[in-house]
Amino acid sequence: MFRVMRVVIGRDLLLAMRRRSDVANALLFFIIVASLFPLGVGPEPNLLRTIAPGVIWVAALLASMLALGRMFASDYADGTLEQMLLASAPLGWIVVGKAIAHWLVSGLPLVVLAPVLALQFDLATDALVVMMVSLVLGTPSLTLIGAIGAALTLGVRGSGVLTSLLVLPLYVPVLIMGTGAVDAAAGGVTVQAHLLLLAAFLVFAGAFAPWAAAAALRISLD
Amino acid sequence: MPRFIDVETLRPAPGRINWFKYSSPQTFFPLAGAAVPWFAAAAAVLCAVGLYIGFFVAPTDQQQGEAYRIIFIHVPAAWMSMFIYLVMAFWAGVGLVLNTRLSGMMASALAPTGALFTFIALWTGALWGKPTWGTWWVWDARLTSELILLFLYFGFMALTAAIDDPRRADRAAALFALVGVVNIPIIYFSVQWWNTLHQGASVSLTRAPTMAATMLAGMIVMALAFWMYSIAAAFARARCIILERERNSDWVAQYIEASK
Amino acid sequence: MNWESLEAFIAMGGYGLYVWGSYAVTFALVALEVVLLVLRGRGIVAQLARIGAPRRRS
């Protein structure tokens with residue numbers, strides 16, 4: 001089982017590295033969106049500090065959703081997705097592999113970039129650490145839930161907007177808990193509850209999302 | 001070839017009920033046609049009774065004065081929005097498991113009525129919140145979850161509309177409905193989890209309702225009225241969907257001939 | 001009977017705007033859905049009648 005997943009991860013990472021511009025676009029989008037808010041809201045530090053968690057989290061959420069289209073679309077177009085469906089290995093593991101590869105390419109870089117943005121918003125260091133931890137715990141759930149949305153809207157016209165319409169409502173709990181954790185840290189309250197909830201949601205998504213995404217793939221390619 | 005496929009010929013061995021007799025669009029179509037007027041009439045009667053109780057029997061509330069009378073449509077609409085989503089997810093699940101066309105049709109027949117009740121719940125909630133909480137919209141747990149439910153309904157309808165092949169559209173939307181049904185408990189328990197501004201559920205199975213009996217009666221009767229209405233609307237829309245999807249079949253041709 | 005007069009009933013203890021605002025919108029939307037359903041029903045029947053019976057296979 002793990003061999004299949006490793007193979008899929010390796011393959012997807014290789015493909016992603018070949019088209020590095022796609023990967024960079026999602027990250028540049030994250031930085032630009034997060035940097036627009038101070039221009040829109042004004043440079044006043046106290047205000048920026050209060051909106052920082054929300055802005056960075058929403059930007060991360062939108063950036064990872066933007067990159068969802070690539071998860072299955074290219075394989076669907078050249079037929080390798082059908083081969084994966086016919087493969088002897090359970091489809092769920094293949095989907096987990098693709099989700100991990102997608103997260104490594106679009107989720108993890110957001111965590112690495114978050115401190116850079118936090119400086120723009122003058123976020124306190126301890127809040128910054130909690131921000132990064134919450135992003136590490138939160139972005140995989142975003143990718144897993146996004147995988148279901150991407151699989152459902154495979155090969156459908158206007159699938160970009162449709163995927164976001166399907167997936168954004170399901171992102172709301174992760175967003176609430178993620179920003180809640182950073183607000184708690186900034187407010188000096190213990191953040192354990194929020195982070196535990198985030199981790200619980202990740203475990204829940206990890207258990208069910210691949211199976212649901214696999215079922216969605218079978219529906220899309222029947 | 002028989003001129004008209006007699007539904008009676010579908011009878012199983014005597015003494016056994018054929019549970020699946022009405023599971024095909026063709027046999028369900030006349031049944032729904034006969035049922036719609038009855039449910040619509042029941043809805044009208046119950047609504048009249050409920051409004052009478054709500055406005056002429058139920059006393060004035062001590063704190064909120066007369067504003068509380070919005071409860072007679074706000075709470076039933078909120079209940080119906082969640083209940084219809086559950087029924088929709090049920091038929092979606094049945095459609096996925098048994099691969100029956102009619103289940104998928106019923107799920108997409110329910111979605112617009114569910115979205116309507118969700119919007120009504122939000123609208124009446126806002127109008128009730130203005131005099132009691134002072135603002136039209138409050139970002140508290142239950143209102144937020146109701147808003148998410150409205151987005152889930154729109155997602156379901158958008159997904160069904162976006163995919164051309166009806167069978168695949170039903171199955172994809174069904175899976176999305178099942179994934180979304182996780183949201184229903186979040187709505188129901190959100191008041192306890194995030195115990196924020198929103199008034200605790202005044203009607204819950206564990207403790208006695210904190211409302212006068214007549215208020216409760218009015219609300220229950222209105223909830224039943226909304227329920228009857230939902231069934232009538234869903235059956236009527238299901239009939240339209242059946243005609244649209246079975247347009248090339250003989251029995252539809254004969255039905256059209258008969259109704260000309 | 002709670003209300004002395006029709007005016008009191010409409011005023012609804014000063015909350016008339018909110019109470020009648022929500023009831024009016026609710027029943028307007030329900031009526032709208034009923035009308036749309038009836039139109040959709042008649043529309044599909046008329047359309048199928050116009051198209052005529054599918055070509056007999058036999």
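Modeller: One term to begin with. A salt bridge is a side-chain nitrogen of Lys or Arg within 4 Å of a carboxyl oxygen of Asp or Glu. By that rule, one salt bridge crosses the interface of chain B and chain A. This is a predicted model, so local features need pLDDT of at least 70, side-chain atom pairs count only at pLDDT 80 or more, and totals for chains, interfaces and linings use all residues. Residues are numbered from 1 along each chain as its sequence is written, chains are lettered from A and ligands numbered from 1 in the order in which they are written, and side-chain values use heavy atoms, with hydrogens and water left out.

Biologist: Which residues form the salt bridge between chain B and chain A?

Modeller: B:D164 and A:R157. Their closest N and O atoms are 3.0 Å apart.

Biologist: How many residues does that contact take from each chain?

Modeller: Chain B gives 21 and chain A gives 20. Contact means heavy atoms within 4.5 Å.

Biologist: And what area do chain B and chain A bury?

Modeller: About 1,700 Å², with 77% of it on carbon and sulfur atoms. Buried area is the accessible area (1.4 Å probe) that two parts lose on being put together, summed over both. On the chain B side, B:R168, B:L175 and B:V179 supply 32% of the area buried against chain A, more than any other three residues.

Biologist: Which pair of chains has the most contacts?

Modeller: Chains B and C, out of the two pairs that touch. Chain A and chain C do not touch, and their nearest C-alpha atoms are 24 Å apart.

Biologist: OK, chain C and chain B. What are the numbers?

Modeller: 33 residues of chain C contact 44 residues of chain B. The buried area is about 3,300 Å², and carbon and sulfur atoms give 71% of that. In chain C, the residues losing the most area to chain B are C:Y18, C:Y23 and C:E33, together 18% of what that side buries.

Biologist: How many salt bridges there?

Modeller: Two across the interface of chain C and chain B. B:R237 and C:E33 meet in a salt bridge at 2.7 Å, N to O. Helix α2 (residues 16-51) of chain C brings 23 residues, the largest share of the side of chain C that touches chain B. Helices here are DSSP runs (H or I, at least four residues), and strands are E runs of at least two, numbered from the N terminus.

Biologist: Switching topic. Where is B:S81, and is it buried or exposed?

Modeller: B:S81 sits in helix α2 (residues 71-98) of chain B. It is buried, at a relative accessible area of 0%. Buried means under 20% relative accessible area, exposed over 50%, partly exposed in between (1.4 Å probe, protein chains only).

Biologist: What does B:S81 touch?

Modeller: Leaving out residues up to four places away in sequence, B:S81 touches B:G114, B:F117, B:T118, B:E146, B:L149 and B:Y153. A polar atom of its side chain also lies 2.6 Å from the backbone oxygen of B:A78.

Biologist: Last one, helix α1 of chain A. Which residues are buried?

Modeller: A:M5, A:V8, A:I9, A:D12 and A:A16. Seen down the axis of α1(A), they fall within an arc of 100 degrees, so they line one face of the helix. That arc is taken from the directions from the helix axis to the C-beta atoms.

Biologist: What covers them?

Modeller: The cover includes α2 (20-41) and α6 (91-120) of chain A. The face turned away from the buried side carries exposed A:R3, A:R6 and A:R18.

Notes:
Polar contact = N/O pair within 3.5 Å; in protein donor to acceptor, adjacent residues only side chain to side chain.
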